[in-house]
Structure formats: structure tokens, C-alpha cells
Amino acid sequence: MSTALSLVEVDRIHGRGNAAVHAVRGLTVHVGVGELVAVMGPSGSGKSTLLNLAGGLDRATAGQVLVDGAELGELSPKELAKLRRRRVGYVFQDFNLIPSLTAAENVALPLELDGVRARTARGQAVQALAEVDLADLADRLPQDMSGGQQQRVAIARAVVGERSLILADEPTGALDSETGEQVMRLLRERCARGVAALMVTHDAGHAAWADRVVFLRDGAVLDDTGRPSEPESLLAGS
Amino acid sequence: MSIAHGLLALLQDGPRYGYQLRVEFERATGSTWPLNVGQVYTTLARLERDGQVAGHAPDGEGRLRYELTASGRETLAGWFSRPVTLGDRPRDELAIKLALAATAAGVDVRAVVQVQRVATMQRLQELTRLKRDPGPTVSGDTDLAWILVLDNLRFMAEAELRWLEHCEGTLTRARPAAATSAPAPAPGSDQVPDQPSADPQEALR
């Protein structure tokens with residue numbers, strides 16, 4: 001499996017000297033093409049920092065972050081912005097749709113911001129909405145849609161165009177259990193078509209839809225359900 | 001819940017052979033409770049002795065069929081109408097294990113919790129895969145029985161994970177120094193701290 005996202009020995013330190021705070025420390029996470037990886041951990045364990053680093057919204061203090069083989073630390077601000085626009089899609093807990101735009105306009109927006117002609121962008125947006133089974137609601141405003149429908153629009157926006165990496169922050173957090181499962185099913189379908197997804201969640205039931213679940217603690221990877229388990233001593237200090 | 005109750009429930013649909021009962025029991029419970037045919041015949045013999053089932057004469061192939069008696073129907077109706085109580089369930093080994101880990105000297109309880117979290121999450125992933133990609137179906141009622149059992153197993157695993165997460169928070173508050181100075185080692189983790197040789201006895205000295 002080729003790798004869509006790699007964080008290799010990444011540190012993110014805020015402040016300096018005695019005031020330095022390690023948001024993440026020696027963090028290594030890989031997400032393969034077509035793979036859905038869930039991230040769990042307590043508050044302050046580095047989950048949000050991991051998503052921000054993966055999406056190029058924050059810069060690593062040390063280590064490497066690679067998206068589709070491009071090392072984000074080596075990109076100019078312009079190149080980084082382009083990669084973010086074209087390759088990375090975001091899904092948030094509160095959907096983050098623009099209320100005054102229709103579903104199709106919301107989905108087309110990132111394409112138009114990237115210079116795609118309005119007519120072409122609209123065509124791709126409607127296609128992306130059809131793939132999440134919302135073609136009939138293309139001209140509806142977010143306020144006239146259910147939470148689950150709005151999140152499906154957000155997923156269509158995250159994958160429209162050539163985007164190959166979805167970064168999702170609690171995508172089921174505002175949804176009931178049943179609708180949350182529909183969203184997870186949709187994310188899995190997108191991954192089956194070759195998109196890679198990294199999803200932060202507190203919900204174990206939804207994390208279990210992932211191929212792997214990574215547990216963070218104190219800014220580092222504590223465990224990964226994809227790794228074969230090894231016998232170990234659980235006695236302190238051993 | 002006993003095997004006897006399960007067999008009585010299956011016999012409500014009509015007389016069955018022991019082997020038939022074993023197959024139907026496993027199918028109805030999604031193979032979460034495998035039985036051997038010896039257990040089935042021992043239980044049937046006991047139920048017959050107690051007047052709950054009646055055995056027919058062997059057929060041409062020497063197979064015995066059993067059917068529910070009036071007394072058996074009464075027992076079954078009582079079982080369905082009574083709620084399951086805590087006394088009907090076995091003790092929770094995990095809760096006892098954590099309690100003992102918390103009181104035993106030199107045990108890293110957070111590591112015990114974490115090992116269980118990974119194992120339970122792997123189990124939940126497997127159960128979710130079964131829910132997501134159901135296998136070939138047998139019949140409507142069996143599918144429904146399987147879905148009920150599967151959802152029960154999924155929700156039990158989710159509840160255990162929520163409880164383990166809560167345990168971790170409780171332990172972090174109760175033992176903050178240990179929590180920050182000695183992150184639990186993870187199987188195959190990139191972040192395993194430098195450790196001396198893994199001598200369990202050393203940890204207890």
C-alpha cells in the first residue's frame with residue numbers, strides 16, 4: 001500500500017526554554033492510500049495538532065510531514081496553499097458550510113477558489129453530491145437540510161476534484177448514532193475508491209469503522225490496533 | 001441463562017434431534033456460544049429426568065427426538081418473563097483484575113488498562129466489520145437473531161471502552177506523577193521509552 005500521509009518523528013513545540021510545551025513529540029503516523037485511520041486520546045494528547053500538521057495548517061518544529069510524497073516543510077507558502085486547496089479536504093464536527101450558499105455552491109467553492117470555471121466547478125460539485133446520494137438536494141440551503149445531510153455535503157466538499165486526503169475532526173460528533181454510522185459508511189466508501197482519511201474521534205463505536213485506531217497520549221503514539229501485539233510486562237518499571 | 005433454557009426455547013418450535021438443537025442453538029446465538037453435542041445430550045437427559053422435555057422412541061436411524069412438555073413450557077414462559085439479574089451473570093473478570101492491579105504493589109495499572117483498550121478496540125473493529133459486511137444469509141429469523149446478538153456484543157465492547165477511558169482519567173488524577181513520568185509501554189510503539197531489562201521480579205523488589 002502506498003502512503004498518502006506520513007508524519008515522521010515530528011515534534012511541535014510551542015514557546016522556548018523553560019516555557020516550552022511539546023504539543024507532539026516524536027510523532028510517527030502513516031496513512032496508506034485507501035486507508036481510514038481513527039485517532040483517539042484524551043484532551044491535550046495532540047489530536048488537533050496532528051490534524052493541523054497533516055493539513056499544513058501548522059508547521060512542525062522538527063521531523064517530516066509528507067502528503068502524497070511532498071514534504072510540507074520544504075514547500076513555499078504559495079505551494080503549501082496550493083497543495084492544501086487541491087489535495088486535502090476537511091470535515092468538521094459542525095459541518096462548516098456557508099449558510100447563504102446552496103449545497104452545490106458550498107461543494108463548488110474550493111474549486112472556484114482554485115480558479116476552476118464556475119460551470120465546470122458546478123458540474124463537479126453536482127457529481128460529488130451524487131456520490132454521497134444528495135444530487136436531489138444540490139440547490140438546497142444548509143438550513144433546510146438535516147445534520148446528516150449537511151455532513152454528507154461537507155464530505156462531498158472534502159473530496160471534490162483531485163483531493164486524495166480527508167482530515168476529519170469529530171465528523172460524527174454532532175450526529176445521532178444512526179446518522180453517525182451513515183457518515184462512517186460514506187467515509188469508508190470514499191476510502192474504498194482510493195481516498196485516504198485521518199479522523200479524530202471520541203466515539204469508540206465510530207472509531208471501530210476505521211482500518212486502524214491510533215491511541216495518542218502526551219503528544220505521542222501510545223498504541224495502534226494495526227500493529228501485532230507483543231507479550232510485555234505490565235509491571236511498572238520493568 | 002443456561003443451555004437448558006436455550007434448548008427449551010428451540011423446542012418451542014416443535015420436536016428436534018440433539019444434533020439439530022446444537023446447530024440451531026449456535027446459529028441463533030451467532031456462534032457466540034459454541035456447544036458440543038455431548039453437552040446437548042447431557043442437558044436433554046437432565047431435562048427429561050425433570051419432566052421438562054419428553055423423548056420419543058428412536059427413529060429408523062436410531063435418532064431420539066425430544067419435545068417440550070407442559071412443565072417445560074411453563075419454565076420457558078417464566079424465563080422469558082423475568083428480567084436477567086446481576087446474580088445470573090458471571091463476575092466481571094476485568095473489573096476484578098483492575099481492582100487487584102490497583103491494590104497490588106508495583107503494577108502499572110494504566111498499562112493494564114491500555115492493553116485491554118487495544119484488545120477491546122480490535123474486537124469492536126472485528127464486530128463492526130461483521131455488521132458492515134454481513135456474510136451469506138440463512139433465513140429472516142436467524143438474521144434477526146444474529147443482528148440482535150451482534151449489536152449486543154458491539155454495545156458491550158463500546159461500553160467497556162468508555163469505562164476504560166474513564167478509568168484512565170481516574171488513574172491520571174489519582175496518580176499524576178506516575179502518569180506523566182512513566183507513559184505505559186505500547187506493543188510495537190515508536191514511543192516506547194527507554195527501559196531497563198524486563199525482569200518482572202525486579203519491578204516487585
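**Burial, backbone and helix packing**

Author: Cys191(A) is buried: its relative accessible area is 2%, which is under the 20% that sets the limit for a buried residue. The model is a predicted one, and the values here are computed from its atoms. In chain B, Cys167(B) also counts as buried, at 13% relative accessibility. With a disulfide taken as two cysteine sulfur atoms within 2.5 Å, the count over all chains is 0.

If one takes the contacts in chain A between residues at least 6 apart in sequence, 69% of them join residues at least 24 apart. The mean pLDDT of chain A is 91, and 95% of its residues reach 70 or more. The exception to note is residues 233–238 of chain A, where the pLDDT is below 50, although the stretch has 23 contacts in the model beyond its near neighbours in sequence. Where pLDDT is low, the predicted coordinates should not be read in detail.

Burial in chain A can be followed along helix α3(A), residues 103–113. Its buried residues are Ala103(A), Ala104(A), Asn106(A), Val107(A), Ala108(A), Pro110(A) and Leu111(A). Among the elements that cover them are α4 (118–131) and α5 (147–159) of chain A. Just after α3(A), the backbone at Gly115(A) adopts a positive phi of about 95°.

Two residues of chain A other than glycine also have a positive phi. For Asp68(A) the phi is near 50°, and this residue is found in the loop that links β4 (62–67) to β5 (70–71). Asp68(A) is classed as partly exposed because its relative accessible area is 34%. Glu170(A) has a positive phi of about 50°. The loop that holds Glu170(A) runs between β7 (165–169) and α6 (177–192) of chain A. With a relative accessible area of 10%, Glu170(A) falls under the 20% limit and is therefore buried.

Of the contacts in chain B between residues at least 6 apart in sequence, 57% join residues at least 24 apart.

One helix pair in chain B can be described in detail. The axes of α5(B), residues 93–103, and α6(B), residues 109–132, come within 9 Å and cross at roughly 160°. Because this angle is over 145 degrees, α5(B) is roughly antiparallel to α6(B). On the α5(B) side, the residues in contact are Leu94(B), Lys97(B), Leu98(B), Ala101(B) and Ala102(B), and on the α6(B) side they are Val109(B), Val112(B), Val113(B) and Gln116(B). Sorted by class, this contact has 7 nonpolar, 1 polar and 1 charged residues.

Two further residues of chain B complete the account. Met156(B) belongs to helix α7(B), residues 140–174, and is exposed because its relative accessible area is 54%. The C-alpha atoms of Met156(B) and Thr120(B) are 9.8 Å apart, although 36 residues separate the two in sequence. Glu67(B) lies in strand β3(B), residues 65–68, and is partly exposed at a relative accessible area of 33%. Leaving aside residues up to four places away in sequence, Glu67(B) touches Pro15(B), Gln52(B), Val53(B), Ala54(B) and His56(B). Glu67(B) and Leu10(B) are 57 residues apart in sequence, with a C-alpha to C-alpha distance of 9.8 Å.

Notes. Residues are numbered from 1 along each chain as its sequence is written. Chains are lettered from A and ligands numbered from 1 in the order in which they are written. This is a predicted model: local features need pLDDT of at least 70, side-chain atom pairs count only at pLDDT 80 or more; totals for chains, interfaces and linings use all residues. Side-chain values use heavy atoms; hydrogens and water are left out. pLDDT is the predictor's confidence in each residue, from 0 to 100. Contact means heavy atoms within 4.5 Å. Axes are lines fitted to C-alpha atoms, for helices over the stretch in contact, and angles run from 0 to 180 degrees between N-to-C directions. Helices (H or I, at least four residues) and strands (E, at least two) are DSSP runs, numbered from the N terminus. Angles under 35 degrees count as roughly parallel, over 145 as roughly antiparallel, 65 to 115 as roughly perpendicular and the rest as oblique. Ala, Val, Leu, Ile, Met, Phe, Trp, Tyr, Cys and Pro count as nonpolar, Asp, Glu, Lys and Arg as charged, and the others, Gly among them, as polar. Buried means under 20% relative accessible area, exposed over 50%, partly exposed in between (1.4 Å probe, protein chains only).
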